[in-house]
Amino acid sequence: MSCEKRIDRAISKGTTLLLGKCSRYAVFSDCHRGCGNMSDNFLRNQHLYFAALKHYYAEGFYYLELGDGEELWENRCLKRIQDSHSNVYQMFACLKRKNRFCKIYGNHDMELRKELPESIRLKNQAGGRDVCMIHGHQADFFNSVCWRISRFLVRYVWKPLEQFGVNDPTSAARNYRKVHKYEKHMVEAAEKKNVYLVAGHSHRPHLVEHELYVNTGSCVHPWGITVIEIENMKLSLVKWFMGTKKDGTLFVQREVLEGDIPIE
């Protein structure tokens with residue numbers, strides 16, 4: 001199956017939510033929540049993530065997560081992940097009770113594919129373009145069609161080597177040649193289908209006016225986390241990071257990197 005067909009199939013196998021003037025969505029991806037050990041890349045930003053999560057909950061946003069929420073290639077037990085980050089899952093439970101929570105699966109949590117949708121479509125009530133959301137591994141042959149081989153390599157080869165600073169060359173997040181190829185596929189798919197195509201997978205945030213391809217980035221950047229906000233029928237790319245006050249006090253800071261791009 002071609003890359004184009006994999007993306008088409010993913011978009012058709014999703015859940016639909018409404019998009020209107022009053023809609024408020026916070027779109028996360030690639031949290032890679034682990035078991036709280038030294039290989040848990042989520043740990044360094046867990047305080048930033050939780051602060052952002054509480055903000056979006058208090059402000060009435062709907063939480064969307066575009067895959068790789070749990071790191072199930074390096075870890076076999078979902079329960080251990082949930083126990084290690086219990087505050088996050090308690091907040092998820094609060095969001096679910098208010099019907100403001102939806103997540104899809106990615107390649108690193110492919111084991112959840114039987115219980116989660118593959119995509120989310122925000123149906124534009126104003127008659128403009130819909131906003132379609134996938135994880136993005138569908139545009140990456142090795143991490144979609146050959147995901148079991150990739151999982152084996154990550155679990156038994158690259159995870160041990162990562163402790164010595166060796167990067168996984170199969171990862172779109174760490175291989176710039178793969179990133180550019182991946183983004184080319186995503187841009188072409190968005191333009192052909194004439195929809196906003198929001199994804200993660202590459203860990204490279206992307207939001208440019210008049211472009212239909214959008215990327216949330218990830219929650220495992222060394223400098224913070226990135227989120228796509230949808231509010232008032234506009235897209236914004238937001239960064240959460242540790243700021244410093246004049247007296248040297250640290251605080252969690254929100255900064256708009258690119259903002260108020262209309263959904264047309």
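Helices (H or I, at least four residues) and strands (E, at least two) are DSSP runs, numbered from the N terminus, and two strands pair if DSSP finds at least two bridges between them. The model is predicted: local features need pLDDT of at least 70, side-chain atom pairs count only at pLDDT 80 or more, and totals for chains, interfaces and linings use all residues. Residues are numbered from 1 along each chain as its sequence is written, and side-chain values use heavy atoms, with hydrogens and water left out.

**Exercise 1.** Determine how many residues lie between S10 and S11 in their hairpin, and describe the pairing.

Solution. Step one: strands S10 (residues 234-244) and S11 (residues 250-262) run antiparallel and are joined by ten bridges. Step two: Gly243 is found opposite Phe251 of S11. Step three: five residues separate the two strands of the hairpin, and Gly248 in the turn has a positive phi of about 90 degrees.

**Exercise 2.** State the strand order of the five-stranded open sheet and identify its edges.

Solution. Step one: the order is S1-S5-S6-S7-S8, with mixed pairing. Step two: S1 (14-19) and S8 (213-215) are the edges; each has a single partner strand, so one side of each lacks a neighbour in the sheet. Step three: S1 runs parallel to S5 (residues 119-124), with six bridges between them, and Gly14 faces Ser119 of S5.

**Exercise 3.** Characterise the crossing of H1 and H7.

Solution. Step two: the axes of H1 and H7 come within 11 Å and cross at roughly 60 degrees. Step three: angles under 35 degrees count as roughly parallel, over 145 as roughly antiparallel, 65 to 115 as roughly perpendicular and the rest as oblique; H1 and H7 are therefore oblique to each other. Step four: the contact (heavy atoms within 4.5 Å) involves Cys3, Glu4, Ile7, Asp8 and Ile11 of H1 with His185, Met186, Ala189, Lys192 and Lys193 of H7.

Key: Axes are lines fitted to C-alpha atoms, for helices over the stretch in contact, and angles run from 0 to 180 degrees between N-to-C directions.
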